[in-house]
Amino acid sequence: MDQKTDAPLLEPTWSRREFIGGLTGLGIAGLVAIFGKSALVTATRELVGSPVSSGLIHLYALDYYYVPNYMTWRVGDQLEVIFHNQSPTHWHEWTIGRPHANMEDFPAFGVLNADGWVHDFWTGVHVTLSDPIGVDNFVPNKAIVTYIGPKASYQLATGGDFSPTLKPGGSIHLSFVVPDKPGIWHYGCFVQQFIHYRTGMRGILHIVR
Ligand SMILES: [Cu+2]
């Protein structure tokens with residue numbers, strides 16, 4: 001009799017697939033427990049590669065999203081952003097802020113976005129605007145703005161965050177040095193009582209040193 005076949009078989013109580021799945025799950029859960037979800041996301045982005053934007057950036061507004069909806073900028077870099085409204089029918093704006101959009105409890109309507117960002121990214125930032133095409137209005141808020149060309153074409157307005165609002169097909173050129181405001185910022189379009197923002201017209205801006 002063969003001693004080998006006689007030996008009791010050690011049947012695993014789980015399949016190999018389950019075992020691998022279990023290990024993987026445990027691994028991710030463990031990483032999240034150790035580093036926290038945001039750190040893991042950051043690490044993943046670094047692994048995948050998160051290119052830092054430089055030079056000329058085109059930001060497109062569509063119904064109702066931005067392309068791109070994620071950007072990384074480096075403090076001190078000179079950037080040229082051309083913001084385009086690609087929608088054939090809707091007005092869109094571009095605001096940047098954090099940590100979140102202001103919320104307020106409206107009787108009968110519940111908690112809704114009430115008024116822009118808690119902090120406007122552009123506060124104290126020097127920005128040069130040029131090539132305004134189809135600008136519906138521009139709110140400088142607390143940015144230090146230089147206008148190239150006739151000021152009338154920028155349709156200056158007051159109230160709310162720094163925000164160029166473009167008519168369908170409009171565009172505007174923003175030139176600035178990325179300020180020393182590292183971390184995660186959010187961008188969004190609050191047109192039509194925040195419906196655009198709530199529908200998905202938002203993005204994340206990661207500023208690194
Ligand atoms: Cu919009």
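## Pairing of strand β8

In this predicted model, strands β8 and β10 (residues 163-177) are paired antiparallel through nine bridges. One point of this pairing is Ser 130, whose bridge partner in β10 is His 173.

Strand β8 (residues 126-139) also pairs with β9 (residues 144-147), here in the parallel sense and over four bridges. Val 127 is bridged to Val 145 of β9.

Asp 131 belongs to strand β8. Its phi is positive, about 50 degrees, although the residue is not a glycine.

Asn 141 is located in the loop between β8 and β9. This residue, also other than glycine, has a positive phi near 45 degrees. Asn 141 counts as partly exposed because it has 17 C-beta neighbours inside 10 Å.

## Overall content of the chain

The chain contains four helices and twelve strands. Of its 209 residues, 23% are buried.

Contacts between residues at least 6 apart in sequence were also sorted by separation: 59% of them join residues at least 24 apart.

## Nonpolar core

The largest nonpolar core has 30 residues. Within this core, Ile 96, Ile 172, Cys 189 and Leu 205 touch the most other members. At least two core residues come from each of β3 (70-74), β8, β10, β11 (183-188) and β12 (202-208). In soluble globular proteins, nonpolar side chains tend to be buried together.

## Cis peptide bonds

The peptide bond between Asp 63 and Tyr 64 is cis, with omega about -5 degrees. Tyr 64 sits in the loop that lies between β1 (55-62) and β2 (65-67).

A cis peptide bond also links Val 67 to Pro 68, with omega about 0 degrees. Pro 68 is placed in the loop between β2 and β3.

Note on methods: Residues are numbered from 1 along each chain as its sequence is written. This is a predicted model: local features need pLDDT of at least 70, side-chain atom pairs count only at pLDDT 80 or more; totals for chains, interfaces and linings use all residues. Two strands pair if DSSP finds at least two bridges between them. A residue is buried if 20 or more other C-beta atoms lie within 10 Å of its own, exposed if 12 or fewer, and partly exposed in between; C-beta atoms are placed from the backbone. Two residues are in contact if their C-beta atoms, placed from the backbone, lie within 7 Å. A nonpolar core is a set of buried Ala, Val, Leu, Ile, Met, Phe, Trp, Tyr and Cys residues joined through C-beta atoms within 7 Å.
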